[in-house]
Amino acid sequence: MNQRLYEYIITEKKHHAFRHPVPEEMAQEFSRLALSPEERATRRFEFLCGQENPVFLPQERICFLRTVNNIPDMFTPEEWKELRQTHQGHELWRYSNLCPNYEKVLLFGLMPLREHADSYGRRMIDSLLNLVDRYRKAAEREGLHEIAQALRQVPRWGARSFYEALQSFRILSFALWLEGNYHNTIGRFDQYMKPFFQQDMAAGVLTRETALDLLEEFFLTFNRDSDLYPGVQQGDDGQSMMLGGVTAQGRDGFSLLSELCLLASRNVKLIDPKINVRVSKNTPDEVFTLCSQLTKVGLGFPQYSNDDVVIPGLQKLGYELKDAQNYTVAACWEFIIPYVGEDVPNIRALSFPKIIDSCLRRNLSCCKGMEEFLQAVEREVQASCDALCNEIRELWFVPSPFLTLLMDYPDHQPKYRNFGLHGVGLASAADSLTAIQQYVFQEQSLTPDELLQAVDTDFVNAPQLLHQLRYETPKVGNNQDEADRNLVFLMNAFSKALKGKKNCRGGCWRPGTGSAMYYLWCADQLGASPDGRRKGEPFAANYSVSLFSRPEGPFSVIQSMTKPDLSETINGGPLTMEFHSSIFQTEESVEQVGQFVKAFVELGGHQLQINAVNGDTLRDAQKHPEQYPQLIVRVWGWSAYFVELDRAFQDHVIARQEYLL
């Protein structure tokens, strides 16, 4: 690894000195001229390209640095007010969580695209290539002949080598962010880069060592400007890379390039790119071991997706087999289809504990048995899903002519326009159902009113009941059927409630097991719950057991969490588990972690995220943040520097169970 470049960017952040702001008054001029949104997007991109200054960092081979540190708004506050009155938007109203077709530009360049682009697309290509030419001339003046030679070729024309392909990708990624898009995913990197890599390896242009060195520098490029990318917290930037998985020919796509990407991530130890790996029952044991060696480093990588479950699940939702086989992940873990899909996989979230709370108050005292109460819960799931779906009637995005150039929409329309709903607090809701079933209906040791009063008073006057609910009642994660069947019930109800529903763009609705930040937000909006969770305590992140659950061990957790048919709730959302860092001390233990992942896959799990953590270190980092600037943790679908997180996110990571094998 280029240690000088690493220190310049990561530890010293000297490249920040090249940044400068541009005026924010652009929207007022656009409004005065009554420009169309497409014209505004194009003019802003042209302006920003013109304002960028060519900069070369010490000893770098892959260039392009953001020097403009702000992207002016295209609309005035008054125009935004009008847009909100006539349209609906998602998050920042800009395109996100999409995976462009990088491959076609890497192979053929931007000039063939320009021939078929509209006037906006042509102007954007011209602006970007003008900036590339300014970089090339600057490289020539500074005697950087390798960079100059590459910029004569890419991205104007197709890459001729692995090095040029990496440089071309960097420029495309730079342009997408500059256009104002966000959570721009990397997609199946090892698949579309493989031809360039194999060609150079076969010709002797690259060796394993020189290829790894290039990849390490390439990984550094994702961390140059990531603090400028919007997200809930620093690190939530969506730079997700997918490795492996079945190919269009039905073969395993894991290769030497995939292995080198895992090794590059291990060596640079940075939060980007976020590494994902597609696996299946046929994945060799050595791949699971390689992945576990990366987990050992403590970055929160890789995240696993199981082709055996995901591909059939996507087919059930209407995706063609060839597209389902080509899936990647969005910013965090939602499954998306590269360059033909325009899904919005995180449009809303369904709070399952809120559903239980509503039924507890409205229905429990009227029900004669658990079956009747479950019917009420199922009706509430349906009603809540209907309400969320009906909220989205007309969705509008700020136009992105450059991004559109990189998509392959049949007949100029996205092939898929599906929406995804997160399922939040599943374990807490299932555990609440188990408590109601056991104490209200089976033992009859609690009346509905007594349970409701205990919940409403946050168990202040019922400490014995609180302990009983938290620690003595069957819970999801212990492979106990009485708890797990309630998890199965809730997920089946979720799937059933959305099956056959169409969204406002003609697509389907996808239920999922992810939570995103809602594990904090939804919990804040709810008081105590029948599982013993007290007011102010968060839910588990994603598809995980409750924070105060006491599982017998990690194997009992995966046995519980794989009982539902996860292909029916396939929007994405991993089972997230923290393993104590001490278990990674020997080669044998690392292999055991790999075998644990393999067992999860064979049991029918859909997505898994394992983190190596040490609670004592995290608590010390809270007290002495200056001593841990590079300490990395997995938050929910992304990794971040622990000391940069808000306290609520830090506390949640610390509160999670630390498993031992």
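Two residues are said to be in contact, or to touch, when heavy atoms lie within 4.5 Å. The structure described here is a predicted model, in which local features need pLDDT of at least 70, side-chain atom pairs count only at pLDDT 80 or more, and totals for chains, interfaces and linings use all residues. Residues are numbered from 1 along each chain as its sequence is written, and side-chain values use heavy atoms, with hydrogens and water left out.

Helices (H or I, at least four residues) and strands (E, at least two) are DSSP runs numbered from the N terminus. In helix α2, which spans residues 26-33, Met26, Ala27 and Phe30 are buried, a term for residues under 20% relative accessible area, with exposed meaning over 50% and partly exposed in between (1.4 Å probe, protein chains only). Viewed down the axis of α2, the buried residues fall within an arc of 95°, so they line one face of the helix; the arc is that of the directions from the helix axis to the C-beta atoms. These buried residues pack against α3 (37-51) and α4 (77-86). Just after α2, Ala34 adopts a positive phi of about 55°.

Arg134 belongs to helix α7 (residues 119-141) and, because its relative accessibility is 30%, counts as partly exposed. Leaving aside residues up to four places away in sequence, Arg134 touches Cys49, Gly50, Glu52 and Pro54. A polar atom of the Arg134 side chain lies 2.9 Å from the backbone oxygen of Glu52. Although Arg134 and Gly50 are 84 residues apart along the chain, their C-alpha atoms are separated by 9.7 Å.

Seven strands form an open sheet of mixed pairing, in the order β1-β2-β3-β4-β11-β10-β14; two strands pair if DSSP finds at least two bridges between them. At the edges stand β1 (187-188) and β14 (658-659), each pairing on one side only. Strands β10 (residues 575-580) and β11 (residues 607-613) run parallel and are joined by six bridges, with Glu578 opposite Asn611 in β11. Helix α25 (residues 554-561) lies across β10 and β14, at about 175° to β10; axes are lines fitted to C-alpha atoms, for helices over the stretch in contact, and angles run from 0 to 180 degrees between N-to-C directions.

Thr562 occupies the loop between α25 and β10 and counts as buried because its relative accessibility is 10%. The side chain of Thr562 reaches the backbone oxygen of Ile558 at 2.6 Å. Beyond residues up to four places away in sequence, Thr562 touches Phe600, Leu603, Gly604 and Gly605.

Technical notes: Polar contact = N/O pair within 3.5 Å; in protein donor to acceptor, adjacent residues only side chain to side chain.
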